[in-house]
Amino acid sequence: MKWAAALLLVGMLIFWTELPTGSAWSCPPVHITCAMLNPPNKCYTDRQCPRYKKCCPSFCGRRCISRPPAIPISYG
């Protein structure tokens, strides 16, 4: 019985380490498309961006963007 509990505990720890930490974020959706046939890309991967920025598609090519704010900002 102790072996089953230990095996279950190890399995849960492995599963827990594989879960995302919440620090990853995804690129925002792009609603406008560029009229250029081959728009210039300022980056191709996240490694080409400064720290805490991500290489995302924009309306005209790919570029490094910062994480969007967690709380929506209203100017009204």
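Analyst: Let's start with C27 and C56, which are joined by a disulfide with an S to S distance of 2.0 Å. Keep in mind that this is a predicted model. If the term is new to you, a disulfide is a covalent bond between the sulfur atoms of two cysteines.

What does this link tie together? C27 sits in the loop between helix 1 (2-18) and strand 1, while C56 is in strand 1, so the bond connects parts that are 29 residues apart in sequence. The torsion about the S-S bond is about -75 degrees, so this disulfide is left-handed. For the chain as a whole, buried residues make up 12% of the 76 residues.

A disulfide joins C43 to C55, with S to S at 2.1 Å. Here the torsion is about 95 degrees, so the bond is right-handed. C43 lies in the loop between helix 1 and strand 1 and C55 lies in strand 1, so this pair ties together parts 12 residues apart in sequence. C43 counts as buried because its relative accessibility is 0%, and C55 is buried too, with a relative accessible area of 2%.

C55 also has a partner across the strands: its bridge partner in strand 2 is C64. Strand 1 (residues 53-58) and strand 2 (residues 61-66) run antiparallel and are joined by 6 bridges. Together they form a hairpin with 2 residues between them.

C34 is in the loop between helix 1 and strand 1, and C60 in the loop between strand 1 and strand 2, so the pair ties together parts 26 residues apart in sequence. F59 lies in the loop between the two strands as well, and at 54% relative accessibility F59 counts as exposed. With V30 and I32, F59 makes a nonpolar surface patch of about 310 Å².

Zooming out, how many disulfides does a search of the whole structure find? There are 4. If you number the bonded cysteines in sequence order, they pair as 1-6, 2-7, 3-5, 4-8. The overall pattern along the sequence is α-β-β, from 1 helix and 2 strands.

Definitions and conventions. Residues numbered from 1 in each chain as written. Predicted model: local features only at pLDDT ≥ 70, side-chain atom pairs only at ≥ 80, totals over all residues. Heavy atoms only, no water. Helix = DSSP H or I, 4+ residues; strand = E, 2+ residues; numbered from the N terminus. Buried < 20%, exposed > 50% of the residue type's maximum accessible area, 1.4 Å probe, protein only. Pairing = 2+ DSSP bridges. Patch = residues over 30% accessible without salt bridge, like charges linked within 9 Å, V, L, I, M, F, W, Y side chains within 5 Å. Areas by Shrake-Rupley, 256 points an atom, 1.4 Å probe, with all protein chains shown as cover. Salt bridge = Lys/Arg side-chain N within 4 Å of Asp/Glu carboxyl O. Disulfide = S-S within 2.5 Å.
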